[in-house]
Amino acid sequence: MTAAMQLKAVPGNPVTQRSDEEWRLRRELAACYRLIAHFKMTDLIFTHISVRIPGPEHHFLINPYGLFFDEVTASNLVKIDLSGQAMEPSPHPVNPAGFVIHSAIHGAREDAQCVLHTHTKAGCAVAAQKDGLLPINQINLEFYGKVAYHDYEGIALDLDEQKRLVADLGGKAVMILRNHGLLTVGKDAKQAFLRMYYLEKACEIQLAAQSAGHALIIPSKEVCEHTERQYNAPPVPSSDGRTLSDPEGYDLAWSALLRLLDRLDPTYKN
């Protein structure tokens with residue numbers, strides 16, 4: 001593994017200057033790290049999740065390199081700018097590959113407030129398949145026509161790769177990094193996490209279905225497109241009650257996940 005990016009800390013004690021909004025974002029991001037750990041989507045210390053702090057500066061929070069994800073708390077997250085400089089004192093370095101990937105996306109996408117990257121077994125296996133994610137299950141169909149792909153260029157340490165990474169992601173919220181892993185973005189940690197949770201499950205389903213050695217059933221293009229719209233552009237309930245929607249599902253799921261964390265270990269909030 002490469003050496004950690006050593007950050008130059010700014011003087012003073014900016015911790016006391018953190019706004020209520022920043023603390024809220026820190027707690028949400030710390031919760032996201034704990035959930036990735038709980039659902040066994042970690043790669044020791046080597047993947048990363050970031051959240052942008054509101055404002056024109058494009059400052060963002062990322063994990064302290066060297067800590068397991070179940071050690072991440074709201075207060076020990078590292079705040080850096082798009083050049084990699086620390087915005088407040090921290091004893092922790094930042095993963096250089098994490099800086100390359102996350103600074104590129106935060107700098108290019110105003111809507112990508114949270115960026116989540118994993119190296120799971122299922123995700124890496126599908127990332128090695130020429131056809132990528134297949135529309136073989138209802139869960140997979142959330143991502144039908146919505147997955148970007150980025151060809152492997154080596155460990156993400158070359159700043160020149162940033163422009164190709166951003167170009168390949170385009171306006172999409174999900175990307176498979178070929179021969180590497182998975183990436184999701186969202187308007188907040190909740191959205192990025194739930195996208196990753198179901199993208200990971202979609203990859204697991206695909207591998208399980210392929211391992212049976214039988215021909216796979218692929219729904220029609222019309223059904224695939226209809227299901228994707230049901231996920232991402234829920235219909236307005238019809239007056240006759242024959243078309244329903246579930247606009248609160250993901251909010252309810254996130255609330256349940258936070259209750260789970262509070263039962264298991266609420267120290268992520270510290």
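Let me begin with what I mean by a cavity: on a 1 Å grid over the protein atoms alone, a cavity is a set of points where a 1.4 Å probe fits but cannot get out. A pocket is an open set with protein on both sides within 12 Å along at least five of seven lines, and lining residues have an atom within 4 Å of a point. Grid points are joined across faces, edges and corners, and a volume is the space filled by probe spheres set on the points.

Two bits of housekeeping. This is a predicted model, where local features need pLDDT of at least 70 and side-chain atom pairs count only at pLDDT 80 or more, while totals for chains, interfaces and linings use all residues. Residues are numbered from 1 along each chain as its sequence is written, and side-chain values use heavy atoms, with hydrogens and water left out.

Okay, cavities. By that rule we get one cavity of 30 Å³ or more, and the largest cavity has a volume of about 60 Å³. What lines the largest cavity? Its lining includes Ile101, His150, Asp151, Tyr152, Glu161, Leu165, Leu177 and His180. By class, that lining has five nonpolar, three polar and four charged residues. For the classes, Ala, Val, Leu, Ile, Met, Phe, Trp, Tyr, Cys and Pro count as nonpolar, Asp, Glu, Lys and Arg as charged, and the others, Gly among them, as polar.

Two of those lining residues, Glu161 and Leu165, bring us to helix 4, residues 161–169. Helices here are DSSP runs of H or I with at least four residues, strands are runs of E with at least two, and both are numbered from the N terminus. The buried residues of helix 4 are Glu161, Gln162, Leu165 and Leu169. Seen down the helix axis, they fall within an arc of 100°, so they line one face of helix 4; the arc is that of the directions from the helix axis to the C-beta atoms. On the face turned away from the buried side you find the exposed residues Lys163 and Ala167. Buried means under 20% relative accessible area, exposed over 50%, and partly exposed in between, with a 1.4 Å probe and protein chains only.

What do the buried residues of helix 4 pack against? They pack against helix 2 (96–108), strand 5 (147–150), strand 6 (174–177) and strand 7 (181–186), where contact means heavy atoms within 4.5 Å. After helix 4 comes Gly170, with a positive phi near 55°.

Gly170 also turns up among the contacts of Arg109. Arg109 sits in the loop between helix 2 and strand 4 (114–118). Is Arg109 buried or exposed? Arg109 is buried, at a relative accessible area of 9%. Leaving aside neighbours within four places in sequence, Arg109 is in contact with Leu169, Gly170, Gly171, Lys172 and Val185.

Now over to strand 7, where Thr184 lies. Thr184 is buried, with a relative accessible area of 0%. Beyond neighbours within four places in sequence, its contacts include Cys114, Val115, Leu116, Ala192, Arg195, Met196 and Leu199. Ala192, Arg195, Met196 and Leu199 are among the buried residues of helix 5. The 23 residues of helix 5 should span 33 Å at 1.5 Å a residue, and its end C-alpha atoms are 33 Å apart, which agrees; the expected span is 1.5 Å times one less than the number of residues.

Next, the largest pocket, with about 910 Å³ of space. It is lined by 34 residues, and the closest to its centre are Glu142, Tyr231, Asn232, Pro234 and Tyr250. Helix 5 gives the largest share of the lining, five residues. The lining divides into 14 nonpolar, 10 polar and 10 charged residues.

Last stop, backbone angles. Most residues other than glycine have a negative phi. Lys40, not a glycine, has a positive phi of about 60°, and Leu44 is positive too, near 50°. Lys40 is in the loop between helix 1 and strand 1 (48–52), and Leu44 lies in the loop between helix 1 and strand 1 as well. Lys40 is exposed at 72% relative accessible area, and Leu44 is exposed at 51%.

That's my tour; happy to go back to any part.
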